[in-house]
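User: I'd like to go through this model and ask what stands behind each label. Could you take me through it?

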Amino acid sequence: MARISRKTDVTYESFGINPAEFYKDKFSCGTDFNPAAVTPSFELKLTWEKYTILEKTVGQLVEGRTEPLRVLDFGCGSGTFGKWLLHRFPDQLSIAGIDMSEACAADAKASGYDDALSADFLSGIPFPDKSFDFIWSMDVFGHIEFRHKDAVIADLARITRPGGTQLHGIETADIPYLICDPNDPNDYIRKYVYMDGHIGAETLDDVYQRFAASFEILEAYPWLVCPFIDAGNAIVNCPWPGYEEALCEFDTPGARQLADTMSHRYNVFLREALRASLGPIQTDERIAALIPDGPARAFIMEIYQGGGFSFVLVRRRPSST
Ligand SMILES: C[S@@+](CC[C@H](N)C(=O)[O-])C[C@H]1O[C@@H](n2cnc3c(N)ncnc32)[C@H](O)[C@@H]1O
């Protein structure tokens with residue numbers, strides 16, 4: 001098999017992966033998650049904040065509504081996010097899910113989703129035009145091949161009512177897929193793709209451009225500020241020399257919990273400070289336009305590198321037909 005020369009050639013097939021087989025059970029985590037048993041210490045963990053960002057967005061949308069909000073969880077996995085929302089906003093949501101994994105769709109249905117389809121959304125998202133008031137995805141866009149992303153975004157716009165919104169939590173990183181040898185089992189990009197299926201990670205600037213073609217962008221910001229990534233991720237990726245040895249010495253569930261709590265605290269603090277100075281759109285291009293070239297800009301760019309995850313909040317233009 002040849003090396004990859006263009007991003008549009010970065011495909012599951014080029015890495016010898018069959019997506020249906022790969023995702024069959026990979027992200028199915030059953031139905032054990034109990035939203036009523038979430039403890040304050042759990043809520044302090046960094047990764048839990050994905051739930052609270054989603055909850056805050058939905059909370060604003062349901063306020064004052066008399067009809068349930070029509071919601072789609074795009075690439076729903078086992079539906080733990082929706083289960084949390086149903087716990088927080090009982091009777092205020094009608095949630096549908098879609099995932100190519102039958103096991104995931106069954107979990108989501110058992111978790112209280114009104115509907116959960118097992119389908120490949122690349123074949124066209126099987127919902128009529130303007131079906132939803134709100135759509136979210138969490139950790140899904142990094143699993144979509146570059147060649148399909150724009151069509152998927154246009155299809156997501158189609159099924160959203162004009163004025164409806166979407167929140168996407170997206171894996172954002174500049175992964176050098178083009179220097180990779182997809183046939184070499186020791187190639188580190190190949191290992192990265194095989195680990196979770198991240199065939200289409202790209203920068204926040206690229207994500208912004210794609211969504212801007214179909215939506216009005218309300219917010220676009222890196223979620224994690226370097227070096228405050230979650231402990232589990234740091235352990236897998238070992239970002240600094242000597243880190244692995246230190247982890248072997250100190251890694252315990254309690255140490256991870258403390259590290260995550262601190263990371264969460266500093267992420268919230270820094271993100272709020274950055275938002276106050278940069279506004280809700282924080283792409284590299286926007287930062288470059290706002291801050292003159294020099295140490296302050298370099299510092300901000302530096303701390304936004306490496307976190308690997310961003311949020312975009314978008315709205316379908318009210319005038320769209
Ligand atoms: C990392 S998981 C995230 C699951 C869930 N959103 C969560 O955060 O728990 C990515 C999900 O996208 C689904 N997926 C990937 N490509 C898909 C496709 N073409 N059609 C439907 N589902 C897809 C996978 O089956 C997987 O469950």
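This is a predicted model: local features need pLDDT of at least 70, side-chain atom pairs count only at pLDDT 80 or more; totals for chains, interfaces and linings use all residues.

User: Why is Tyr-113 called buried?

Analyst: Tyr-113 has a relative accessible area of 2%. Buried means under 20%, exposed over 50%, and partly exposed in between, with a 1.4 Å probe and protein chains only. Since 2% is under the cut-off, Tyr-113 counts as buried.

User: Where does Tyr-113 lie, and what does it touch?

Analyst: Tyr-113 is in the loop between α5 (102-110) and β3 (115-118); helices (H or I, at least four residues) and strands (E, at least two) are DSSP runs numbered from the N terminus. Contact means heavy atoms within 4.5 Å, and, leaving out residues up to four places away in sequence, Tyr-113 touches a list including Asp-73, Phe-81, Leu-86, Ile-95 and Trp-136.

User: What makes the Tyr-113 and Asp-73 pair a polar contact?

Analyst: A polar contact is a pair of N or O atoms within 3.5 Å; within protein, one must be able to donate a hydrogen and the other to accept it, and residues adjacent in sequence count only if both atoms are side-chain atoms. The side chains of Tyr-113 and Asp-73 are joined at 2.7 Å, so the pair is within the limit. The Tyr-113 side chain also reaches the backbone nitrogen of Gly-82 at 3.1 Å.

User: How do you know which residues are around the ligand?

Analyst: A residue is near a molecule or strand if one of its heavy atoms lies within 4 Å of it. There are 15 residues around the ligand, and Gly-75, Asp-99, Asp-120, Phe-121 and Met-138 come nearest. A polar backbone atom of Gly-75 is 2.7 Å from a nitrogen atom of the ligand, and a polar backbone atom of Met-138 is 2.8 Å from a ligand nitrogen. For Asp-99, a polar side-chain atom lies 2.6 Å from a ligand oxygen.

User: What makes a space a cavity, and how many turn up here?

Analyst: On a 1 Å grid over the protein atoms alone, a cavity is a set of points where a 1.4 Å probe fits but cannot get out, while a pocket is an open set with protein on both sides within 12 Å along at least five of seven lines; lining residues have an atom within 4 Å of a point. Grid points are joined across faces, edges and corners, and a volume is the space filled by probe spheres set on the points. The search of the whole structure finds 1 cavity of 30 Å³ or more, and the largest cavity holds about 40 Å³.

User: Which helix gives the most to the lining of the largest cavity?

Analyst: That's α8, with 3 residues. Arg-210 is in helix α8 and is among the lining residues. Its side chain makes a polar contact with the side chain of Asp-150 at 2.8 Å.

User: Why does Arg-210 count as buried?

Analyst: Its relative accessibility is 17%, so Arg-210 falls under the 20% limit and counts as buried.

User: What is in the second largest pocket?

Analyst: About 460 Å³ of space. Of the 18 lining residues, Ile-53, Lys-56, Glu-219, Tyr-221 and Arg-275 are closest to the centre. α3 gives the most, with 7 residues.

User: Why is Asp-91 exposed, but Lys-130 partly exposed?

Analyst: Asp-91 is at 74%, over 50%, so it counts as exposed. Phi is positive in both non-glycine residues, near 65° for Asp-91 and about 55° for Lys-130.

Definitions and conventions
Residues are numbered from 1 along each chain as its sequence is written. Side-chain values use heavy atoms; hydrogens and water are left out.
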